[in-house]
Amino acid sequence: MLLTYRILEEIAKTEFSDIVKNSALIGGKSAQPNKLRVFLIDGSFLDVWLSEENDYSFHWSRGLCVD
C-alpha cells in the first residue's frame, strides 16, 4: 500500500501543484500508513484511504487544518 500512496502523493503534487500545499502519510506504521492526507492551499485537506481488499474512501474537510 505504501507504494500506491506514494504514487498518489506524487500525482497530487505534480498534477495539482496550483492547489496542493503539502501532503503526509498518516496513521499506522511508517511502512504501512493508513491514509494519505493532502493539504490544500485554502486550509482544507483531503484524506485518501485504501484497503487491501481494494476498497477506498475519500474525505474532504473544509475546516481549518494545521500541517
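**Contacts, fold and one residue**

Analyst: To begin with the contacts of this predicted model: among those in the protein with a separation of 6 or more, residues 24 or more positions apart account for 23%.

User: In what order do the elements of the protein run from the N terminus on?

Analyst: The secondary structure of the protein comes to 1 helix and 4 strands. Read from the N terminus on, these elements run α-β-β-β-β.

User: What is the radius of gyration of the protein, and what does the globule rule give for 67 residues?

Analyst: The globule rule gives 11 Å for 67 residues, and the value for the protein is close to this, so the protein is as compact as a globular protein of that length. The C-alpha atoms fill a box of roughly 30 × 25 × 20 Å along the principal axes.

User: Does Tyr-5 count as buried or exposed?

Analyst: Tyr-5 has its place in helix H1, which covers residues 2–15. Buried means under 20% relative accessible area. Because the relative accessibility of Tyr-5 is 0%, this residue counts as buried.

User: Which backbone nitrogen does the side chain of Tyr-5 reach, and at what distance?

Analyst: Leaving aside neighbours within four places in sequence, Tyr-5 is in contact with several residues, including Leu-25, Pro-33, Val-48, Trp-49 and Leu-50. Among these residues, the one whose backbone nitrogen the side chain of Tyr-5 reaches is Leu-50, at 2.9 Å.

Note on methods:
Residues are numbered from 1 along each chain as its sequence is written. This is a predicted model: local features need pLDDT of at least 70, side-chain atom pairs count only at pLDDT 80 or more; totals for chains, interfaces and linings use all residues. Side-chain values use heavy atoms; hydrogens and water are left out. Helices (H or I, at least four residues) and strands (E, at least two) are DSSP runs, numbered from the N terminus. Buried means under 20% relative accessible area, exposed over 50%, partly exposed in between (1.4 Å probe, protein chains only). Contact means heavy atoms within 4.5 Å. A polar contact is a pair of N or O atoms within 3.5 Å; within protein, one must be able to donate a hydrogen and the other to accept it, and residues adjacent in sequence count only if both atoms are side-chain atoms. The radius of gyration is taken over C-alpha atoms; the globule rule is 2.2 Å times the number of residues to the power 0.38.
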